Amino acid sequence: MKTSKKSFAKITALLMLTGTAFIAVGAVAEKTIRGDHFATLRHAPLNTEPTPPPLTNEKEHHGSLARNYPAQAPIIPHQAHKYQINRKVNQCLSCHDRSRVHESKAPMIAISHYLTRNNHFLAQVSPRRYFCTQCHVSQESSTPLVKNTFVDVDKLVEASANKKQH
Amino acid sequence: MIEILKKAWRILCKPSVHYSLGFLTVGGFVAGIIFWGGFNTALEATNTEKFCISCHEMRDNVYQELKTTIHFTNRSGVRATCPDCHVPHKWTNKIARKMQASKEVWGKIFGTINTREKFEAHRRELAEHEWARLKANDSLECRNCHNFNYMDFTRQSPRAARAHSTALASGEKTCIDCHKGIAHHLPDMKGVKGF
C-alpha cells in the first residue's frame, strides 16, 4: 500500500516536471521567432496573423494628379480595380488607347508605350507596357505605414540656390 | 380494346351528352387552375439562381465570376441573381426568352460547353448573344433596377457623370455599350466597338 502510494506520487511529480518543461520550451520558442527583431510593416510577430486593416475605397479625383518627379508613372486619378487586364482584354485601353481618346476624352497613353526595348515603334501597345497597373496605381486615403522623407527636386534646387546667395 | 377506345372517343367528341353542363364548367375551371398554376410554378422554378447553377456549366464558370462582383456582394446586401439580368420580367417577353432557351437545353444534352476549354472557346459567341439582346431592348434588364430618371449625377464620379449626362441621356448609347463584362469576365474583345 505504502509503496504504491509512493510510486504514484513519483509518477505525478515526473508528469508535472515534463509538463512545465514543455510549457517552458513553448514560451522560449514563441520569444525567439527568427526575424522578429527586424522592423516590418506587419507590426505583429511572424507567428501571429493580425487582423488586417479595413479596406478603403480608391479615390476619385477631378483631372490628373501632379507627378512628384519627372520619371514618375502618372497616378490613376480614378477607381480602377474592376478593370480586367489580361491576355484577352485590357479595359484601361478602352479609354486610353489612341483609337479611343477622341471619344473618351481621356489622356492617351504616352508614345513610349509603343516602343520595344530596342526603341522600335510598334503599331500597338508594346507587350512590355501592356499591364498598366504594374506602374500606374490608384490612390487610397489611408495613413502611410512608414514616414516619408521625400523632398521634391525643385525644393532642393531652390534650397541650394538660396545657400549660394547667402 | 378497340371498343373501349371508340367509347372514349365518343365521350370526348360529345361530352355534354354524357356529363352535365355544370360538371363540365366547374371541371374545366378547376383543371384550368391546376394546369395554368402548374405551368407558371414550373416556369418560375426554372427562373431561379438555384436552378441555373444546378448545371456545372453555369456553376463552375459564370457563377464563380459573378461572385467577385458588386452585383453579388456589396455593402447593402441588395443583389442580382441570374434571371434578374438574363430573363425579361414581363410575361410575354419571358415566354419568348424561355422558348429561345430550348437551344440551351440542346447544348446541355450534347455538351456544347461541358468543359472549361469548350466554354472559353464559346465565351465570345455567348457574350455576343447577350450584348445583342440588351442592345435591342435598350438594356431593359439593367433599367429594371437602375432607373436613369433617378440618377444623381452630382453623386457620381466625374467620369461617370460626364458619360451618363451626355451619351446615355441623349439615348445615343445604352448601358451595355459601355458596361460590358460587369458581372462576368470578358472574352477576347478584338474588333468589338469601344474596346
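**Chain A**

In chain A, 40% of the contacts with a separation of 6 or more are between residues 24 or more positions apart. Contact here requires C-beta atoms, placed from the backbone, within 7 Å of each other. Before going on: this is a predicted model, in which local features need pLDDT of at least 70, side-chain atom pairs count only at pLDDT 80 or more, and totals for chains, interfaces and linings use all residues. Residues are numbered from 1 along each chain as its sequence is written, and chains are lettered from A and ligands numbered from 1 in the order in which they are written.

The elements of chain A run α-α-α-α from the N terminus, that is, four helices and zero strands. Helices (H or I, at least four residues) and strands (E, at least two) are DSSP runs, numbered from the N terminus. Of its 166 residues, 6% count as buried. For burial, the count is of other C-beta atoms within 10 Å of a residue's own, with C-beta atoms placed from the backbone: 20 or more is buried, 12 or fewer is exposed, and in between is partly exposed.

How confident is the model in chain A? The mean pLDDT is 82, and 79% of the residues score at least 70; pLDDT is the predictor's confidence in each residue, from 0 to 100. Within chain A, helix α1 (residues 2-31) has the lowest confidence, with a mean of 58, and helix α2 (residues 93-96) has the highest, at 93.

Now the annotated site. An unreviewed UniProt entry puts a "binding site" at H78(A), C92(A), C95(A) and H96(A). These positions spread over 19 residues of sequence but cluster in space, with a largest C-alpha distance of 13.1 Å. UniProt positions are given in the numbering used here, feature names are shortened, and annotations may be inferred rather than shown by experiment.

H78(A) sits in the loop between α1 and α2 of chain A. It is partly exposed because it has 17 C-beta neighbours inside 10 Å. Neighbours within four places in sequence aside, H78(A) contacts E60(A), H61(A) and S138(A), and also S157(B) and R159(B). C92(A) is in the loop between α1 and α2 of chain A as well, but it is buried, with 21 other C-beta atoms within 10 Å. With the same exclusion, the contacts of C92(A) are Y83(A), I85(A) and C132(A).

**Chain B**

Take helix α5 (residues 56-66) of chain B, where E57(B), M58(B), V62(B) and L66(B) are buried. Why do they line one face? Because, seen down the axis of α5(B), they fall within an arc of 85 degrees, the arc being that of the directions from the helix axis to the C-beta atoms. H56(B) and R59(B) are exposed, on the face turned away from that buried side. The cover over the buried residues includes α4 (49-52) and α9 (116-136) of chain B.

In the loop between α5 and α6 (82-86) of chain B is H71(B). Neighbours within four places aside, H71(B) contacts L66(B), R79(B), A80(B) and A183(B).

Chain B also has an annotated "binding site" in UniProt, unreviewed, at C175(B), C178(B) and H179(B). C178(B) belongs to helix α12 (residues 175-178), while H179(B) is in the segment after α12. H179(B) counts as partly exposed because it has 13 C-beta neighbours inside 10 Å. C178(B), partly exposed with 17 such neighbours, contacts A163(B), K173(B) and G194(B), neighbours within four places excluded.

**Between the chains**

How many residues does each chain bring to the contact? Chain B brings eleven and chain A seven. The chain B side divides into five nonpolar, four polar and two charged residues. In that scheme Ala, Val, Leu, Ile, Met, Phe, Trp, Tyr, Cys and Pro are nonpolar, Asp, Glu, Lys and Arg are charged, and the others, Gly among them, are polar.

Key
Two residues are in contact if their C-beta atoms, placed from the backbone, lie within 7 Å.
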